[in-house]
Amino acid sequence: MSILVLAEHDNSELKPATLNTVSAAKELGDVTILVAGSLCGEVGEAAARVEGVEKVLVADAEFYAHALAENVSALMVSLGDKYTHMLAPAMTSGKNIMPRVAALLDVAQISDITAINDSATFERSIYAGNAIATVRSDDHIKIITVRTTAFEPSKAEGGGAAIEVISAIDDVGLSSFVGQELTKSERPELTSAPIIISGGRGMQSGENFPMLEEIADKLGAAVGASRAAVDAGFVPNDYQVGQTGKVVAPDLYIAIGISGAIQHLAGMKDSKVIVAINKDEEAPIFQVADYGLVDDLFNAVPELSAELEKSQ
Amino acid sequence: MKVIVAVKRVVDYNVKIRVKPDHTGVETTNVKMSMNPFDEIAVEEAIRLQESGKVEEVIAVSCGISQCQETIRTALAMGADRGILVECDVELQPLAVAKLLKAIVQNENPEIVIVGKQAIDDDSNQTGQMLAALLGWSQGTFASQIVLGEDSAKVTREVDGGLETVNLNIPAVFTTDLRLNEPRYASLPNIMKAKKKPIDILTPEQLGVDITPRLTTLRVNEPPVRQAGVMVESVTELVDKLKNEAKVI
């Protein structure tokens, strides 16, 4: 089996989600990483150092700089006959590009896989994680997005893959990048943070989120939120953990003022240790929490902050 | 301009689903069904484009069993002008739905198609991207804002690190994210009016589309249940447990 992994990157850094996807790919066969970007040589070199990777393809062109689906999918389709599987992390970029690749190749996509049973059989969660489907694809090429939290990351160093520069195919000219507004933060990214502290509707206002940020900074954690908190406008959408936001599985997940709606649990219930602080003792979040504390968050959170301060 | 919105009938988001005892799927008989929430956002966006004068007609399309007409009626009650149901009884996967929608697009010649970014039943997040690919159109996925021009559109997209804005040639497919708008409730008079709006019924055969499923579901299981842990009495006890028992801080 020969497997192509689409690298997630920002033209200067290989994103950790790629490492988890490589691990999934290694279960299937020989791994080639595709880096499509602009002035992305460093990313190609980083990809070549990932343990267990055979080959890295680098396609460098200005119109690959922002991973526009129309252009990257055309490139991947042009490589299609060489691979049995094409994988990308189930992040916004992979979710955008891969179904386009699948349709152009007239095959199904298997979204957000959580396990690989054999080269054609995969597990994926449906209904917000309330059921797990085992599906088989008989298509000649399998197009797959990978739930990164379900696969351990491969080591970023130790590999020595050959780098091959491939030529870009033409700009398909359907779309162009205008700009971006990325949330600036010194904290780790949600999807790769070892600790996450999330706030829900109970936070009452976006003005109260700095309380969580204070704790996050003490723990080296990322700050997340429930859909309710995003819908209420407390924080931007990229904070959202859940079925319709990000799926995370940190070592420690601290849920503050989050009731635990099904769709939120879908995004965090694979966390190793879950802590819930909520004043409603009936809140469903307590059914999945390893440690629960029934308390008003406006008492408990400052106390938690002080306690962590003391013990540092 | 003409807009097509695709709407899917799914198990209502408030229903706690049950896996069938024979592990062939999820129980959907005698379960409340509703329009996929992201599709409601798609319908709302189409209607707002019409209200702003940029769009003349909004057509709501659904693919599936006869009862999907109810989902189309909901879209008509919100304000869509007419409906099309592609009726069939077999399981429809995203690639098949994209092919059916492509056939309808070729009949109706809309400039814009709007669909939800994902359905809350199979959580695939594929159909809009696949349709754009099959039509050779641009795609604006996970949209939080759509600004429609004459022959192009500026779409702001929800991406992992924040927001991204792209410029897309029209015709285009947009897929909706949560913050694009807040869907309206249909008023009673509009619900009554919707009953008189036409729904055309077609079949995959009439459209000449092969809808054979490409993925075979071998079984559907309950997820592993997470054991509830312990309740602690104080923040001090919590920090102590995290340090010395769980050893995560």
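Start with chain B: strand β1(B) (residues 2-6) and strand β6(B) (residues 112-116) run parallel and are joined by 3 bridges. Within this pair, Val3(B) has Ile112(B) of β6(B) as its bridge partner. Strands here are DSSP runs of E with at least two residues, helices are runs of H or I with at least four residues, and both are numbered from the N terminus. Two strands count as paired if DSSP finds at least two bridges between them.

The model is predicted, so local features need pLDDT of at least 70 and side-chain atom pairs count only at pLDDT 80 or more, while totals for chains, interfaces and linings use all residues. Residues are numbered from 1 along each chain as its sequence is written, chains are lettered from A and ligands numbered from 1 in the order in which they are written, and side-chain values use heavy atoms, with hydrogens and water left out.

**Next, select the whole sheet around β1(B).** Its 10 strands form an open sheet with mixed pairing, in the order β10(A)-β9(B)-β8(B)-β7(B)-β10(B)-β6(B)-β1(B)-β4(B)-β5(B)-β11(B). At the edges stand β10(A) and β11(B) (199-202), each with a single partner strand, so one side of each has no neighbour in the sheet. Neighbouring strands are turned by 35 degrees against each other on average, direction ignored; axes are lines fitted to C-alpha atoms, for helices over the stretch in contact, and angles run from 0 to 180 degrees between N-to-C directions.

**Now select β9(B), residues 162-169.** Of its 8 residues, 6 are buried, so the strand is largely enclosed by the rest of the structure. Buried means under 20% relative accessible area, exposed over 50%, and partly exposed in between, with a 1.4 Å probe and protein chains only. On one side, β9(B) is joined to β8(B) (residues 152-159) by 8 bridges, and the two run antiparallel. Ala153(B) stands opposite Leu168(B) of β9(B). A hairpin of 2 residues leads from β8(B) to β9(B).

**Then show the contact between the chains.** It takes 76 residues from chain B and 86 residues from chain A, contact meaning heavy atoms within 4.5 Å. The buried area is about 6600 Å², of which carbon and sulfur atoms give 55%; this is the accessible area (1.4 Å probe) that two parts lose on being put together, summed over both. In chain B, Asp160(B), Arg226(B) and Val235(B) lose the most area to chain A, together 12% of what that side buries.

Between the chains there are 4 salt bridges, each a side-chain nitrogen of Lys or Arg within 4 Å of a carboxyl oxygen of Asp or Glu. Select Asp106(A) and Lys99(B): they form a salt bridge, with the closest N and O atoms 2.7 Å apart. β9(B) gives the most to the side of chain B that touches chain A, with 8 residues.

Inside chain A, β13(A) (residues 252-256) and β14(A) (residues 273-278) pair over 5 bridges in the parallel sense, and Ile256(A) has Ile277(A) as its bridge partner.
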